[in-house]
Amino acid sequence: MTLPQERIYTTDDIYNLPDGERAELIDGQIYYMAPPTRRHQLITGNLFTIINTYIKSREGSCEPYIAPFAVFLNADDKNYVEPDISVICDKSKLTDKGCNGAPDWIIEIVSSGSRRMDYYTKLFKYRTAGVREYWIVDPDKKRITVYDLEHGDIDEYSFSDTINVGIYPDLCIDFNNINN
């Protein structure tokens with residue numbers, strides 16, 4: 001007796017989703033995404049504004065992007081993610097479709113449906129793909145977990161802390177102002 005074969009999806013399947021439907025693709029498996037909450041959008045927008053303003057004010061070479069923005073982590077058609085915020089410093093990775101390869105810094109805002117994905121699946125994928133810094137912002141737990149993947153360090157912060165950004169040593173983000 002043969003076992004049924006698990007279907008392996010590709011980026012073509014992602015691009016062929018019905019209009020308005022969003023999903024990510026990890027190792028050939030589709031993970032559908034629920035629309036973000038108002039709080040999720042507020043936190044994402046505030047963080048993006050701070051990061052974008054910082055980079056522009058210093059005429060930096062990195063470019064920040066806010067979801068939906070396609071990141072193709074591997075040189076294959078089986079991995080496609082849309083991090084809430086991506087910062088890419090190597091402009092050769094950027095195309096009209098998104099980013100080919102690992103961004104330097106990724107921030108994910110946790111929702112009830114993405115908790116396992118953000119803390120486990122994406123952490124592993126981002127680490128193995130070469131992301132330098134990964135932040136998980138968890139509004140329900142009022143916690144920020146910062147993974148310095150370049151040096152193997154992990155730090156935990158609360159929403160009352162100010163956090164230094166690893167890839168920008170002179171950028172500090174005060175989370176007292178993020179959730180408002």
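1. The largest pocket holds about 500 Å³ of space. This is a predicted model, in which local features need pLDDT of at least 70 and side-chain atom pairs count only at pLDDT 80 or more, while totals for chains, interfaces and linings use all residues. Residues are numbered from 1 along each chain as its sequence is written, and side-chain values use heavy atoms, with hydrogens and water left out. A pocket here is an open set of points on a 1 Å grid over the protein atoms alone, where a 1.4 Å probe fits and protein lies on both sides within 12 Å along at least five of seven lines. Its volume is the space filled by probe spheres set on the points, which are joined across faces, edges and corners.

2. Which residues lie nearest the centre of the largest pocket? They are Met-33, Ala-34, His-40, Ser-111 and Ser-114, out of 26 lining residues (a lining residue has an atom within 4 Å of a point). At least two lining residues come from each of β2 (29-32), α2 (38-57), β8 (105-109) and α3 (115-129). Helices (H or I, at least four residues) and strands (E, at least two) are DSSP runs, numbered from the N terminus. By class, eleven of the lining residues are nonpolar, eight polar and seven charged. Nonpolar covers Ala, Val, Leu, Ile, Met, Phe, Trp, Tyr, Cys and Pro; charged covers Asp, Glu, Lys and Arg; the others, Gly among them, are polar.

3. Next comes the second largest pocket, with a volume of about 170 Å³. Its lining includes Tyr-15, Pro-68 and Tyr-80, and by class it has seven nonpolar, one polar and four charged residues. Two of these residues are worth a further look. Lys-97 lies over the face of Tyr-15, 5.0 Å from the ring centre (the rule asks for NZ of Lys or CZ of Arg within 6 Å of the ring centre and within 35 degrees of the ring normal).

4. Thr-11 belongs to helix α1 (residues 11-15). Is Thr-11 buried or exposed? With 11% relative accessibility, Thr-11 counts as buried. The cut-offs are under 20% relative accessible area for buried, over 50% for exposed and in between for partly exposed (1.4 Å probe, protein chains only).

5. Now for the rings: there are nine aromatic pairs, counted when rings of Phe, Tyr and Trp (its six-membered ring) have centres within 6.5 Å, with planes under 30 degrees apart stacked, over 60 edge-to-face and the rest tilted. Tyr-126 and Tyr-134 pair edge-to-face, at 4.9 Å centre to centre and 85 degrees between the planes. Tyr-134 and Tyr-147 are stacked, because their centres are 5.9 Å apart and their planes at 20 degrees. Tyr-134 is in strand β9 (residues 133-138) and Tyr-147 in strand β10 (residues 143-148), so this pair ties together parts 13 residues apart in sequence. Both Tyr-134 and Tyr-147 are buried. Elsewhere, ring pairs join Trp-105, Trp-135, Phe-159 and Phe-175 into a cluster.

6. Finally, two backbone details. Asp-27, in the loop between β1 (23-26) and β2, has a positive phi of about 50 degrees although it is not a glycine. Lys-142, in the loop between β9 and β10, has a positive phi near 50 degrees. Asp-27 is partly exposed at 45% relative accessible area, and Lys-142 is partly exposed at 48%.
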